[in-house]
Amino acid sequence: MSDSGRRRYTVIGMGAVGGYYGARLAAAGHRVRFVARSDAEHVRAVGLRVESPGGDLLLHPDDDAIEVHRDTTGLEPDDVVLVAVKTTDADEAARLLAPVVGEGTVVVALQNGLLVEQTLAEAAPGATVLGGMCFVCINKIGPGHVRHLDFGTVTLGEHVAGDEPAGVTPAVDAVAADLEAAGVPARRIADLATGRWRKLVWNIPYNGLSVVLDAGTDELMADPATRALVADLMREVVAAAASCGHPIDEGFVDEMLTTTEAMTPYAPSMKLDFDAGRPLELDAIYATPVAVAAAAGFAMVRTEALHRQLRFLEARARRR
């Protein structure tokens, strides 16, 4: 912990999520180290810029506001490590994580999908691993430049083997308190696995349909047919979660639909990745939930159909 008593953070990945939450923590007085492969030189020269309804930020390494590294080799272990790279980079994330994890380090998976904490726990044995579900409309619009549009809550829960509820642990409370003090709304949950399924209720329909139909959230909600399709997919995810022992309250689907209708028009991250020719997070968001539900005796028929369409589109894009 730093001399100020604030926890020291390392952020692996300076995309939209890592850039935004890392910048907020740095502005609140935490020492934050960013590991950025493509943006490191730009940020060292120009700084990290965040545009946000909650206040714009410009942080520069020369002002000691942040540190920027291209790799973790030679870095000392830190108090908290935020893993904010895509799940398609799991092997690289594991490599980058190892040097900055020591006794007492808390690792937070700011990633989408199911079972992502298990992968990080295997890469960092002995570390306390948390899952962080970010409900936020945010885009990276250039090197070291993040635009925050709407929302921003991070829901935190602790990972334990077997997906049993861990309760609201001291590690969850500490990281949540740091985020809150930095102006980021945070929720503490006792059952991480249920929290992951709840996030999939939004991620599965909107990420996939935005790619297949080439549409933003506003377009999907404005058309009665696609709105109904979104709702059907959401209800299937809720049923799958229940089959796996993680019931979700009945009103959650309506809450997500209403929230998305009021949301600033938004292109989900999977659409941005597809349009940019980047790999899609299909395993963590689709293949793994489908397989986990199938093992519990529930067939996610609609989700699997959407998954197959996404696989086709991704493969065709690679061939072009």
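1. Ala, Val, Leu, Ile, Met, Phe, Trp, Tyr, Cys and Pro are classed here as nonpolar, Asp, Glu, Lys and Arg as charged, and the others, Gly among them, as polar. On that basis the lining of the largest cavity holds ten nonpolar, no polar and no charged residues.

2. The model is predicted: local features require pLDDT of at least 70 and side-chain atom pairs pLDDT 80 or more, while totals for chains, interfaces and linings use all residues. Residues are numbered from 1 along each chain as its sequence is written, and side-chain values use heavy atoms, with hydrogens and water left out.

3. A cavity is a set of points on a 1 Å grid over the protein atoms alone where a 1.4 Å probe fits but cannot get out, and its lining residues have an atom within 4 Å of a point. Two cavities of 30 Å³ or more are counted.

4. Lining the largest cavity are Tyr9, Tyr21, Leu25, Leu82, Val108, Leu110, Val154, Leu156, Val175 and Leu179. Two or more of the lining residues come from each of α1 (16-27), β9 (145-158) and α5 (170-181), where helices (H or I, at least four residues) and strands (E, at least two) are DSSP runs numbered from the N terminus.

5. The second largest cavity, of about 30 Å³, is lined by Glu158, His159, Val160, Asp163, Glu164, Leu192 and Ala193. Its lining comprises three nonpolar, one polar and three charged residues.

Definitions and conventions: On a 1 Å grid over the protein atoms alone, a cavity is a set of points where a 1.4 Å probe fits but cannot get out, and a pocket is an open set with protein on both sides within 12 Å along at least five of seven lines; lining residues have an atom within 4 Å of a point. Grid points are joined across faces, edges and corners, and a volume is the space filled by probe spheres set on the points.
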